[in-house]
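Subject: Handing over the structure

Hi there,

Here is the structure I promised to pass on to you. Have a look at it first, and then read on for my notes.

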Amino acid sequence: MKLSIGIVGLPNVGKSTLFNALLKKQVADAANYPFCTIEPNVGIVEVPDERLPILAKIVKTEKIVPAAVEFYDIAGIVKGASEGEGLGNKFLSHIREVSAIVHVVRLFDDPNVIHVANKVDPKSDMETIDAELILADLETLSKQKEPRGNADKKEHIRYAIIQRFKSELNKGVPARNVVVTDEEIQIIRELNLLTLKPVIYAFNVSEEQLSSKEETIKKIQSLGINTNWLFFNAKLENDVLALSAQEQKEYLNQYGLEDTGLNRLIKKSYEILGLVSFLTAGVIEAKAWTITKGTLAPQAAGTIHTDFEKKFIKADIVTYDDFVACEGWVKARETGKVVSAGKDYMMKDGDVVEFKVGS
């Protein structure tokens, strides 16, 4: 499953600095997975997973293949972008392609870094981006034609849902905050509304703000953001990648951080999109596979190869902890830790799996 994240924000908030750190992380990570820069504004980096090296050691393989995240560095959004200002429609088309949005907000104050509005006002900055995305969605909805008299019931239901979204968007309510059923969301999902995508707010702070953790958290919460946010220092994210793992840990500890902002961002992306990873471990490779929560075993098999879903027979599954404790498949089977799961089995994060498929 492809996980793509769009990094958006006003100009000069630290988007590109964050993205450059992601590209450095690509080069710094010595994992055997197909990472690359597809375009100057797109990069793919690994999902941090400390379980894979341990699995690799147990099954005696040197090849580790983490799950991956695709990041888009989308051009700075300015007021009027929905009407073509700045790069206008170009940034909108890029955002439509992603699974979630990371909205970078400037919290730091630095006279040497020009602000597009000539003052640092995070609440106003957030409202500017939200307003442009809402206006773009309203334009999308306005293009939907009212069903003719001979249209079927489904078309009339669809149009009624569209009208409800239009009404809420006109009040400044993003599509993701409109109260609708899952079925209604599925009906409107084809329109790929920008404000329907989940958002993570990433606040770019100064080193002083990074050190004053409690005060910075209060400032962020005063903006009305209670969930799906994190803060980071863009410069630190670039600097820390040049250090060894132990040096990184010591450096981050100075600021009371357990992990880099980049890794926290990737983990938060998994969380808001409802994603988990199942694992495969053999002499060829130890690999993580991304699926949505609630995926059944045959569909999980299909992420490895489409034929596996069609020809699925069963799945031998052991929890990661049991696999490690038993030091591999042999003892896990001998001690009854391996479950033989059928088509109704719902995959869990950390399941170590061997799929059995027909010919």
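Thr216 is part of helix H8, which covers residues 213–221. Please keep in mind that this is a predicted model. Is Thr216 buried or exposed? The cut-off for buried is under 20% relative accessible area, and Thr216 has a relative accessibility of 4%, so it counts as buried. Setting aside residues up to four places away in sequence, Thr216 touches Leu107, Val205, Gln209 and Phe231. Take Leu107 as an example: 109 residues separate it from Thr216 along the chain, yet their C-alpha atoms are 9.0 Å apart.

You will find Ser4 in strand E1, residues 4–8. With 2% relative accessibility, Ser4 is also classed as buried. Its contacts, leaving out neighbours within four places in sequence, are Glu70, Tyr72, Glu97, Val98, Ser99 and Ala100.

In soluble globular proteins, nonpolar side chains tend to be buried together. Here the largest nonpolar core has 76 residues, and those touching the most other members are Leu55, Phe71, Phe203, Phe323 and Val352. At least three residues of this core come from each of two domains: domain 1 (1–48 + 67–144 + 191–274) and domain 2 (294–357). Another core, of 16 residues, lies apart from it and includes Ala175, Val178, Val180 and Ile188.

Which residues does Phe71 touch? Not counting residues up to four places away in sequence, they are Ile5, Ile7, Phe19, Leu22, Asn41, Val42, Gly43, Val45, Leu265 and Ile266.

Leu265 and Ile266 bring us to helix H11, as both are among its buried residues. H11 spans residues 261–272, and its 12 residues reach 16 Å from the first C-alpha to the last, close to the 16 Å expected at 1.5 Å a residue. Since 9 of those 12 residues are buried, H11 is largely enclosed by the rest of the structure. The buried set also includes Lys268 and Tyr270. Just after the helix, Gly274 has a positive phi of about 65°.

In one of them, Phe278 and Trp289 have ring centres 6.2 Å apart and planes at 10°, so the pair is stacked. Phe278 belongs to strand E8 (residues 275–281) and Trp289 to strand E9 (residues 286–292), so this pair ties together parts that are 11 residues apart in sequence. Both Phe278 and Trp289 are buried. For Phe323 and Trp329, the centres are 5.4 Å apart and the planes stand at 80°, so that pair is edge-to-face. Phe323 and Trp329 are both buried as well. Ring pairs also link Phe278, Trp289, Phe312 and Phe355 into a cluster.

Finally, a word on strand pairing. Strand E10 (residues 312–319) pairs with strand E12 (residues 351–357) in the antiparallel sense, over 7 bridges.

Enjoy exploring, and write back with any questions.

Best wishes

Technical notes:
Residues numbered from 1 in each chain as written. Predicted model: local features only at pLDDT ≥ 70, side-chain atom pairs only at ≥ 80, totals over all residues. Heavy atoms only, no water. Core = buried A, V, L, I, M, F, W, Y, C linked by side-chain atoms within 4.5 Å. Buried < 20%, exposed > 50% of the residue type's maximum accessible area, 1.4 Å probe, protein only. Domains from an automatic or database assignment. Contact = heavy atoms within 4.5 Å. Pairing = 2+ DSSP bridges. Helix = DSSP H or I, 4+ residues; strand = E, 2+ residues; numbered from the N terminus. Expected span 1.5 Å × (residues − 1). Phe/Tyr/Trp six-rings, centres within 6.5 Å; stacked < 30°, edge-to-face > 60°.
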